[in-house]
Each structure stands twice: as structure tokens, then as C-alpha cells.
Amino acid sequence: MQYFKNIIFIFIFLNSFQALSKNNFNIHPIEVSKNIYVFMGDNNDANPKNGGAISNTAFIIGTKSILVIDAGPSYLYGSKVIEIIKSYSSLPIRYLVVTHHHPDHSFGLSRFIENGTKIIMAQSEINRYVKYGNRLLKQLKNIIGEDWFVDTKIVAFKNKNIKFPINVNLGGREIIIELYDQGHSEGDLIVKDILSKTIFVGDLVFNERAPTIPHANINNWNKYISTIMDSNWDYLVPGHGKLIKEKEELLLTKYWINYIDKIAKKAAKNGMSPAEIFNKGIPEPLLKYKLAKETWIRDLPLLINKYEFE
């Protein structure tokens with residue numbers, strides 16, 4: 001049960017907060033570069049007001065086709081995104097890249113399958129989506145309300161043994177999709193738009209909020225952030241939080257995951273319980289992070305337990 005309790009996430013937004021009427025996603029994309037649009041996620045936990053729309057999703061328009069990054073939390077959300085994209089372009093929505101299996105990123109994908117869109121997702125994350133999806137969907141319905149999840153279903157689909165990296169040409173736009181194994185999740189995907197030097201990194205980067213670590217390999221994750229910092233990009237779209245233009249902003253994610261990892265290892269080594277650490281309060285440098293307390297209390301016991309059994 002701990003697995004299911006710890007991947008219902010909490011998340012962030014930019015200036016264009018996505019206002020939500022009852023069971024309807026009133027979302028509006030921001031153009032971050034020519035023909036690249038992002039829907040910014042809400043900065044609260046999944047709840048009956050935001051319908052679980054708590055992560056960033058995006059789409060890229062070429063001269064021949066369109067690629068979408070992440071499916072959002074539900075069939076209704078996916079439907080709204082498709083509707084909006086079609087108001088911008090009559091080109092086919094040919095690809096959907098799902099950066100990882102967590103519900104806020106993947107549970108809208110059945111709508112894209114209905115649309116005839118090709119799904120690109122790491123096989124390890126497909127496996128988790130299929131294995132745990134129905135139980136997670138039931139939990140979300142209980143938390144948020146069933147009306148938000150009308151027609152949402154977990155569907156099996158074939159990825160045809162995709163080998164990464166993948167090069168996709170949308171017509172005048174070359175896209176590279178890379179796999180980062182065992183980082184934030186078992187199979188994080190990164191999307192790079194070569195023309196605009198825009199990179200979409202999913203939950204490998206959280207901006208101005210505490211990163212969640214239910215399935216993380218922190219050593220690898222830390223290395224991947226360094227790799228991203230050393231790569232050539234002008235704009236970075238994180239899984240949660242506002243657009244990033246300065247590479248130093250990635251250090252916020254690095255600092256949090258390394259700090260909580262250090263504390264967890266020390267506690268496991270010295271036989272300390274999470275309660276003993278919680279009694280000391282959250283360290284001052286971490287208080288500036290959005291949802292710091294909630295994330296610290298949820299994730300620290302997970303890491304301590306992990307290191308106790310290594």
C-alpha cells in the first residue's frame with residue numbers, strides 16, 4: 001500500500017494558473033518558443049478542484065505533424081488537450097511521449113490511443129502503468145471524485161521494442177527522445193527540440209518545489225541532472241514548476257535529493273527512526289521549497305527503509 005500512497009503527487013504552476021470549472025479543464029497553453037506550447041500544472045496536491053492536473057504537459061507543432069509531451073491525469077484532460085491542439089493546427093497528432101508512468105503524466109494516454117497517436121514510453125514504465133494503474137486510478141477517484149475520471153481506463157499497448165534514443169522529424173523540426181534509466185523513475189524520457197534548443201525533462205527536474213522520490217535511484221538522478229546541466233539548451237520545461245532558462249536553477253532539485261538522501265543514510269546507519277528526525281523539524285535551507293513539509297514527511301521514511309535493507 002505504501003507504493004500507492006506515495007505516487008499521488010503535489011505540484012506547481014507558472015503565471016498562467018489553469019483555472020478549473022466543475023469537472024472541466026479550462027486550460028490555456030503558453031507559447032514558450034515558436035510553435036512550442038506548455039500547459040502549466042496547478043501547484044496544489046491532486047484535489048477535487050484541480051482534477052489532478054498537477055504536472056506540465058506540452059505540444060510541439062512541425063510542418064507535417066505534432067508531438068505531445070505527457071498525457072495528463074485523465075481521459076477528460078487528454079480530450080481537452082487534443083481539442084485545444086486541433087484549434088491551433090489541423091496537422092495530425094502523431095506522437096505522444098509519456099515521460100514516466102506516474103498518474104499525473106500518464107492516465108490520459110487512452111484518449112490519445114483512440115486518436116490514433118503513437119505512444120512512446122519506456123518499457124519499464126509501461127509495465128508499471130499496466131501493473132499498478134487500476135489500483136492507482138481507484139485511489140484517485142476516491143481522493144478527487146469519480147466525475148473527473150469518466151472514461152479514464154488503463155489500457156495495454158505495444159511499444160514494439162523501441163530502442164532509444166529516437167529521432168523524430170515533425171517536418172522542419174527534429175526531435176530527439178532519450179531514455180534515462182533508473183533516475184526519478186525506472187525509465188525517464190527526455191524530449192529535445194533541436195530547432196529551439198528547448199528540452200522537456202519530466203520529473204528529473206522540479207522547479208521551486210520539493211522533488212518526490214517514491215521510485216528514485218538518487219545516485220543516478222543526481223548524475224542525470226549534471227548531464228542535463230552540461231547539455232546545450234536555451235529553455236528547459238520541468239515536470240513541475242515554471243520554465244527554466246538558467247542552469248543554476250537545476251541545483252534546487254540536486255540539493256534536495258542529495259540532502260534527503262544523506263539524512264536517510266545517516267539515520268539507517270545509526271538506527272534512528274523517522275520520528276526522531278521529524279522532531280528536529282525541517283532544516284532551514286529546505287523550507288523555501290514548495291510543499292517541503294509534506295514531501296519531507298512522506299519521502300524520508302521511504303528512503304530510511306530502503307537503506308536499512310541494503
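I began with helix α7 (residues 251-270), which gives the most to the lining of the largest pocket, with three residues. Helices here are DSSP runs of H or I with at least four residues, strands are E runs of at least two, and both are numbered from the N terminus.

A note on the source: this is a predicted model, where local features need pLDDT of at least 70, side-chain atom pairs count only at pLDDT 80 or more, and totals for chains, interfaces and linings use all residues. Residues are numbered from 1 along each chain as its sequence is written, and side-chain values use heavy atoms, without hydrogens and water.

Next I listed the pocket lining: Y259, I263, K266, M272, I277, K280, G281, I282, P283 and W296. A pocket is an open set of points on a 1 Å grid over the protein atoms alone, where a 1.4 Å probe fits, with protein on both sides within 12 Å along at least five of seven lines; lining residues have an atom within 4 Å of a point.

Then I turned to the backbone. I found a cis peptide bond between F164 and P165, with omega about 0 degrees. P165 sits in the loop between α5 (123-144) and β9 (166-169).

I also checked two non-glycine residues with positive phi. Q182 has phi near 55 degrees and lies in the loop linking β10 (174-181) and β11 (187-193). For L291, phi is about 60 degrees, and its loop runs between α8 (274-278) and α9 (292-308).
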